[in-house]
Every structure is written in C-alpha cells, then in structure tokens.
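Keep the sequence at hand along the way.

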Amino acid sequence: MKFKSAIKPYQAAAGGWGSLEATTRFVFDSKQVLKNMRNLMRMNKAKGFDCPGCAWGDDNKSTFSFCENGAKAVTWEATRRFVDAEFFAAHSVTKLYQQSDYFLEYQGRLTEPLRYNRETDHYEPISWDDAFALIAQHIKAMDNPDQMELYTSGRASNEASWLYQLFGRMHGSNNFPDCSNMCHEASGSGLKRSIGVGKGTIRLQDFDQANAIFVFGQNPGTNHPRMLHSLRHAADHGAKIVTFNTLRERGLERFADPQKPLEVITPMAGTISSTYYQPNLGGDMAAVRGMVKALNETHKARVAAGEKGLFDEDFIAANTQGVDAYLAQVEATEWAKIEQQSGLSEQQLREAAAIYQSAERVICTWAMGVTQHKHSVDTVREIVNLQLLFGQLGKPGAGLCPVRGHSNVQGNRTMGIDEKPSQAFLDALGNHFGFEPPREIGHNTVEALEAMLRDEIKVLIALGGNLAAAAPDSPRTEEALRRCGLTVQISTKLNRSHLVPGRVDALILPTLGRTEQDIQASGPQFITVEDSFSMVHASEGVGKPIADTQRSETAIVAGIANAVLGSDKLDWLDLASDYNKIRDHIAATIPGFKDFNQQCEKPGGFYLGNAAAELRFNTLNNKAQFSAAALPDSLFPQLGDTDVPFTLQTLRSHDQYNTTIYGLDDRYRGVYGQREVLFIHPDDLAELGLQAGESVDIETLWNDGITRKVHNFKLVSYNIPRGNLAAYYPETNPLVPLSSYGDISGTPTSKSVPVKITRSQPVASQRIA
C-alpha cells in the first residue's frame, strides 16, 4: 500500500471539520457504511454498546456520543474484510512478519480458530473442541500452576475478566499480567498509598463545577477526545485550564466541537488551556514541588503576620498524616534543582501556583506522561500532596482524576485481574466457591516476560491485546513469547503477536467485538464495563457477526476452563450460556455490585462509589498519607555519570489507538503518510548540524551490554523542550529496556528513554507498509 508522505503543520483547531471529515472517511473505507452509521448512533447509548476505545465517561446528553477515535475504533472493527484459511494458506508467518502493523490489521477480521504448523510455517484451521483440548493438554503437562501466564487487555468485559481470573485462581495461580501494568499502574499504586483507593475520586459532572483544572502529561485530542468536550465546557464556564505537557498539542490549545454546526463549517473554536507549560520529560514531580514551595512560602508568611494561612488546616488535621515531614522536604528542595529537573522557571511555577491559590475547587488530572517514569509513583503522590494541602477532596468540582486509556482497564482490575490481589478478595472467592485460592503474589507484565526468558513459563494465554507490539524491548519480548511451549491469542484481528508463535504450539482464537451481537444458549447477552469515573455501564452489541465461527470472549474463557478443570466444582459452560449468572457471582464476591443485574437496568449505568471521595481512607491508620519523597537525583540512576544527550518518549499518533494503527497520519502534529519520524527542537537540530527531513538512527544508552537501535527516522522540527525527543510506538518500543521500569509500579519507562542520535546510512526498510 502506498501513502503520500508529507510534513505539513496543522493550522486548524482540534475537532471541527477535520474530525468530521476523518470520521466520514473511515466509515466509507470500512465498506459497511449503513451498518457503521447505525453503530455510531448506538454507541455510548442505553441499549447500545460502550465505546471500544477509551475509558472516558458519558454524559448521556449528547445526540452523538462518540468522537473521531471512537468512530475509528468502531469502523475498524465492523469491516467487511476478513482473513480466513485461504488467506493463511497463501501467506506464511515469515512473510507476514515482514509486513507493517498497519497492513496486518487492515486485512480484516479473524473468522475461525487457527493452529500454527511449524513444518509448513502457516496457520491452519482447527475446530474449537480440538483447540480447547490442545490448551488443556499443555496446561495439564505443566509442573505447577505458575508456569502459566494469563494476560489481559483493557478491552475485555467485566464478565470475561472475572471468569478469567476465577479460572486462573481455581487452577492455582495469581499470574495475571495485564495492560495496566504498562500504563497506569503508578496511578493505582500511588493513590492506594496516599488515599487508600487506587482510582480517581471525581465524577464526570465535577468538571462542570471546577474553578481550575490542572492537566498533567496527557494529550486528550488523540488519546481520549471526548475529554475535550468536558474541558471545553469547563473553560466556557470560566474554569482555568492549566496544562503541563512536554509537547505542544493542538487538542490542548484550541478545540472546535464537532457537535456544534457553526464550529464545523467555520473557523470558530474555543480555547482549552488558559496557561500551557512544557516541562522536561519526567519533570512533573519537580513542577508540582515548585508550586507547593511557592504556596508554602505564602502560607508561612500569612501565618507569621497573624493572618489565616493558605492551607486547609482543619482538613489536614482531621484527615491526613505526615504533613510536617512533607513540608520539611519541600523547604529542603532548592529552587535550582526544581528548575533544572522541571525545565520550567521559578517565575512560571509561581504563576501556576497563583492560579491554583485563586481557585476554590480544583481538579488534577493526568495520564501516561506522568506514569511511565522510574519515579512515577512519587509523582502521583506529589499531585495528591498538593490536593491534600488545600482539602481538594470530598467536595464537588474537586479531586483526583487519572484518565485511563483502554475502555475497561479499570474494570478489569476491579474484577480481580491483579497479580497482587487483596486477601479480602481472595477470601470472598474462596468462601463463595469452596476452594483455597493461591496467596502468593503473581507476575506483572515485565516479570512475566522475564520468566519466559528464563524458560519458566510453558503456557501464555492472552485475552485480547497485542503483547508483542505493546511491551518494551521488542526483540526480547518476541524471544520471550517464542520460548513458551504454547501461546494462545484471543483476538479480533491479525496482529504482531500472532507472528511470534510459541516453541511447540500456537493458537489464534477469533472473538466477537464490542459492536456485535452476542447470542448464547439463553438468548442475546450484554456485558458491562467500568469507566474512569467508577461508573459501570451495560453494553450490548448491535451488529451481526461476520462469521458464525467467532465466539465471545466469555464463551472462549469458559471453554478453556471447562477443558482444563471440568465441571465438577463449577459448570463453566452454563455460566457462559447466561451472563446474568456470572453477574450474580460477581455480586456475591466483589463489593459495590449488590443487585448487579438489576443495577444494569439504570440508564447511564451505576456508580460504584469511592471511599476517599467520602473522606474515608482505607489506609493503615484511616488517614490520607502525605508522601515526603525527595526529588530524584536523576531519571537514570543506573547510568551513573554517563552523559545522556536526549530523553525520548514514545507516544501515539492520531491515527492510532494503543498498538492498533488505523492509518499513517498524525494530523494534529502535521505528519502525513509515515510513522518513522522523530520530533526534536529546532535548536537541537542546529547544534547537531542536522536539518529537518534528514534521517537518523536512535540508540538507547543502557548498561546491560545489549544494543538497542532503530534506523532511518525522519527528523521533524517541533515545539518540544530542548533535550527532549518524541517518536511513535510500537516502532520505538525496541529502545525501551525491559529492565527499565518504575519503582513500585513495575511499569516500563516508555516516557523517559536515554538515547543518542546519529545521521543514518541508507538501509532498506525492515517492514513493508
């Protein structure tokens, strides 16, 4: 496939006509125009399906409750194109591996179970019964239950995820690596330590009541566009939107609402950020520390003058612990270190502090620009510290808001997809089903890959996702997958993970998508998901599946469990025949889900609640905990005195959702028809004697003797701080060391990779577009 490549700065606002045009193009390209128009009208609606894209909440007020990226996700899934036995007979795995990720998924939907034939290097059809029997054969041959890894994508439903974890624990393992380990683990870990709950404390309507919203390390225009509606609405009502983001992103500057006709057909648009700061990669903790340092100086001066201080002393006394130690740490932090690490001036941070001080109700929101660094947990806790000082919890229009990526990544964790489950959760499962769940901590994603590389894992089952493309250190990740005896990929479309089959066997099991009807023995089924605001929504597909050989995720999990464990303790196939029965078990084992089936009938879903939002803190002493962590001495302590010329972050393009590549454009950043580009400050280009448009090789600086290098990336001059670089994943995932991960969280440091760049020598492209 040929694409017209260009670098052409985008002048318009985010959204607007550009968004409408792109949505229309994707609908027509799907070859299912009428079907997808009907699908879009049912997305995020009662008796419809929840968006398979991001986890932003629904206001249930809009006529069109979808964004451009949600429309891409739906049309990408509901396509007429499909891959079948004939396709795999014509394409060997070796040849397919040479193709781009875009090519692979563009071929269409998987329609029948497939088994890899190592002798012919082709996938071949296999019956569902034989596929389940093969999985059971491999699992029963294991020496112990921990030789199996059960990976989960954030798109899996509550029902499938709950059944999946129950299968794993009944078999005896807590090995549940998942996509959350690679993105928002630091949010959950930091929030639990600070406030006792690993979720955000606000609800969607709080955006309408906030006086100020501080946005850290996120690009909603590409990653969760429906958030722009909430930010725009808040800005229109007078809220100050203060953004801290390394790159200038169009969606955080100006937004033309596609649901407002005048803003579609004219240049009219609204301003999002009233103030925009560009910290260094990894500099958000220092930036918040600088704000607190300025606020603390004012607070102390007022108290010394006999006036009321800035901080909410009553809130602090009644609800928190550790403020004195924290403020001592703030005072000990020098402005020089704050400026050096944040990349922002003292004056800028005092300006941000003044905006915060003037606001009665403040929301702090963040995403993976905060969570994918070595010190991310401390950064999340620093944001919480700021909010605790001013009592910005437990009142309307204020609180903490980590914005999750995938549509049910938060729900998966609620359902027990967690390598570190609570004892209370395990007790509930054991008491309800009459078995003793495993108590040992299992593997997160990095630990699972390391165990595979040590030949300790015999079976990998992936409930969705594309682990080979999503995980760091791509060559080592692929080697890890190849060392498993059996790999099982439960998928809607062909992807990179299918092309790195296990050492003995590999299966591809085709599953239904979120948009499609799920008919089981008892009739049509619906599933549920949980958004970033702890709202649980019912979701019911409306389109007819492309093939009757596809099965739902829930039915596939039940089929595996039945083949491995039998039906003596639990009739897995009966549960899969009627999801209401699964929800009854969820209601009996997970707090907040009482009368689950009845609650699913509520229009707009139901709220699980949040103890910290009610000022009940599930910590050891029932108080919110201030964190007195010092700023890190370096983003890369492992490198010692090694000079690091540049810090690289990996990110998405606009025609992308996680590892799914919808197209080769990144409209808002002005990149068209290409993906192997590197964003760099123009002064860095000049200092290196390079020019925009030239190609460079990017090499990681690490200390383990492994060369990590990618070739022929085109330089793009961009508004990004000096010394900072950005490029797309998965193309740059080979640069992220598997051994570089966050303290406590274990999350790969994909937003802080130490690299150097050199001018490329001409080489042939490794993959075909």
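V323, Y326 and L327 in α15 meet E382, N385 and L389 in α19. By class, this contact of α15 with α19 has four nonpolar, one polar and one charged residues. The model is a predicted one. Helix α15 covers residues 323–332, and helix α19 covers residues 376–389. Their axes lie 12 Å apart, and the packing angle is about 115°. That makes α15 roughly perpendicular to α19, because angles of 65 to 115 degrees fall in that class. The crossing of α15 and α19 is left-handed.

Helix α8 spans residues 158–171, and helix α27 spans residues 579–589. They pack at an angle of about 65°, with axes 10 Å apart. So α8 is roughly perpendicular to α27. The crossing of α8 and α27 is left-handed. From α8, the contact draws on N158, E159, W162 and L163. From α27 come Y579, I582, R583, H585, I586 and T589. Sorted by class, the contact of α8 with α27 has five nonpolar, three polar and two charged residues.

Next, a helix and its cover. How many of the nine residues of α22 are buried? Seven are, and the helix, residues 445–453, is mostly covered. The buried residues are T445, V446, A448, L449, A451, M452 and L453. What covers them includes β7, β16 (459–463), α23 (467–470) and α24 (474–483). Look at both ends of this helix. At the start of α22, a side-chain oxygen of N444 reaches to within 3.2 Å of the backbone nitrogen of V446. After α22 comes D455, whose phi is positive, near 60°.

Is Q147 buried or exposed? Q147 counts as buried, because its relative accessibility is 10% and the cut-off is under 20%. The side chain of Q147 reaches the backbone nitrogen of D143 at 2.6 Å. Leaving aside residues up to four places away in sequence, Q147 touches M142, E456, I457, K458 and V459.

Now the backbone. Most residues other than glycine have a negative phi, and most peptide bonds are trans. Several places here depart from that pattern. S534 has a positive phi, near 60°, and is not a glycine. S534 sits in the loop between β21 (527–530) and β22 (535–539). With a relative accessible area of 1%, S534 is buried.

N658 also has a positive phi, near 50°, in a residue other than glycine. The loop that holds N658 lies between β26 (656–657) and β27 (660–661). N658 counts as buried, at 18% relative accessibility.

Which residues does a cis peptide bond join? The bond links Y729 and P730, and omega is about 10°. P730 is found in the loop between β32 (724–728) and β33 (753–759).

Technical notes: Residues are numbered from 1 along each chain as its sequence is written. This is a predicted model: local features need pLDDT of at least 70, side-chain atom pairs count only at pLDDT 80 or more; totals for chains, interfaces and linings use all residues. Side-chain values use heavy atoms; hydrogens and water are left out. Axes are lines fitted to C-alpha atoms, for helices over the stretch in contact, and angles run from 0 to 180 degrees between N-to-C directions. Helices (H or I, at least four residues) and strands (E, at least two) are DSSP runs, numbered from the N terminus. Angles under 35 degrees count as roughly parallel, over 145 as roughly antiparallel, 65 to 115 as roughly perpendicular and the rest as oblique. A crossing is left-handed if the near helix is turned anticlockwise from the far one by less than a right angle, and right-handed if clockwise. Contact means heavy atoms within 4.5 Å. Ala, Val, Leu, Ile, Met, Phe, Trp, Tyr, Cys and Pro count as nonpolar, Asp, Glu, Lys and Arg as charged, and the others, Gly among them, as polar. Buried means under 20% relative accessible area, exposed over 50%, partly exposed in between (1.4 Å probe, protein chains only). A polar contact is a pair of N or O atoms within 3.5 Å; within protein, one must be able to donate a hydrogen and the other to accept it, and residues adjacent in sequence count only if both atoms are side-chain atoms.
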